[in-house]
Amino acid sequence: MKIRTANELKELNAALNKCKNPVWLMGPNDEAFNMMDEEEYIEGIIKLAEDHDDQLGIFTTSYEDEMTMMNFLEKMAA
């Protein structure tokens with residue numbers, strides 16, 4: 001996944017705002033960013049804007065949040 005436009009960033013933020021539990025952006029070398037924490041969110045967005053799209057994954061801690069993020073990811077893939 002890679003964030004390319006301001007609209008994609010807005011959609012990601014809207015999805016994150018619907019989540020009630022931590023949402024993790026995880027990458028290689030044990031990188032993990034809690035996207036619900038302001039400082040880690042900024043670091044995660046920087047990673048998403050860089051060319052790491054095939055190395056990053058989003059993980060949730062609840063089924064409801066998983067469905068929210070899956071809907072976002074399906075939109076991104078379309």
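Is Asp30 buried or exposed? Select Asp30: the residue is exposed, with a relative accessible area of 78%. Here, buried means under 20% relative accessible area, exposed over 50%, and partly exposed in between, using a 1.4 Å probe and protein chains only.

Before moving on, note the ground rules. This is a predicted model, where local features need pLDDT of at least 70, side-chain atom pairs count only at pLDDT 80 or more, and totals for chains, interfaces and linings use all residues. Residues are numbered from 1 along each chain as its sequence is written, and side-chain values use heavy atoms, without hydrogens and water.

**Stop 1: the loop**

Stay on Asp30. It sits in the loop between S1 and S2. Helices (H or I, at least four residues) and strands (E, at least two) are DSSP runs, numbered from the N terminus. Phi of Asp30 is near 60°, a positive value in a residue other than glycine. Most residues other than glycine have a negative phi.

At 74% relative accessibility, Asn29 is exposed.

**Stop 2: the strands**

Select S1. Val23 and Leu25 point to one face and are buried.

Next, show the partners of S1. Strands pair if DSSP finds at least two bridges between them. S1 and S2 run antiparallel, joined by three bridges. Met26 has Ala32 as its bridge partner in S2. Four bridges join S1 to strand S3 (residues 57-60), also antiparallel. Pick Trp24 and find its bridge partner in S3, Phe59.

**Stop 3: a nonpolar patch**

Select Tyr63, Met67 and Met70. Together they make a nonpolar surface patch of about 300 Å². Nonpolar side chains (Val, Leu, Ile, Met, Phe, Trp, Tyr) are joined within 5 Å, like charges within 9 Å. Areas come from the Shrake-Rupley method with a 1.4 Å probe. Met70 lies in helix H3 (residues 63-77) and is partly exposed, at 36% relative accessibility.

**Stop 4: a negative patch**

Finish with Asp37, Glu38, Glu39 and Glu43, which form a negative surface patch. Asp and Glu count as negative, with the charge placed at CG of Asp or CD of Glu. Glu38 belongs to helix H2 (residues 38-49). Its relative accessible area is 64%, so Glu38 is exposed.

Notes
Patch = residues over 30% accessible without salt bridge, like charges linked within 9 Å, V, L, I, M, F, W, Y side chains within 5 Å. Salt bridge = Lys/Arg side-chain N within 4 Å of Asp/Glu carboxyl O.
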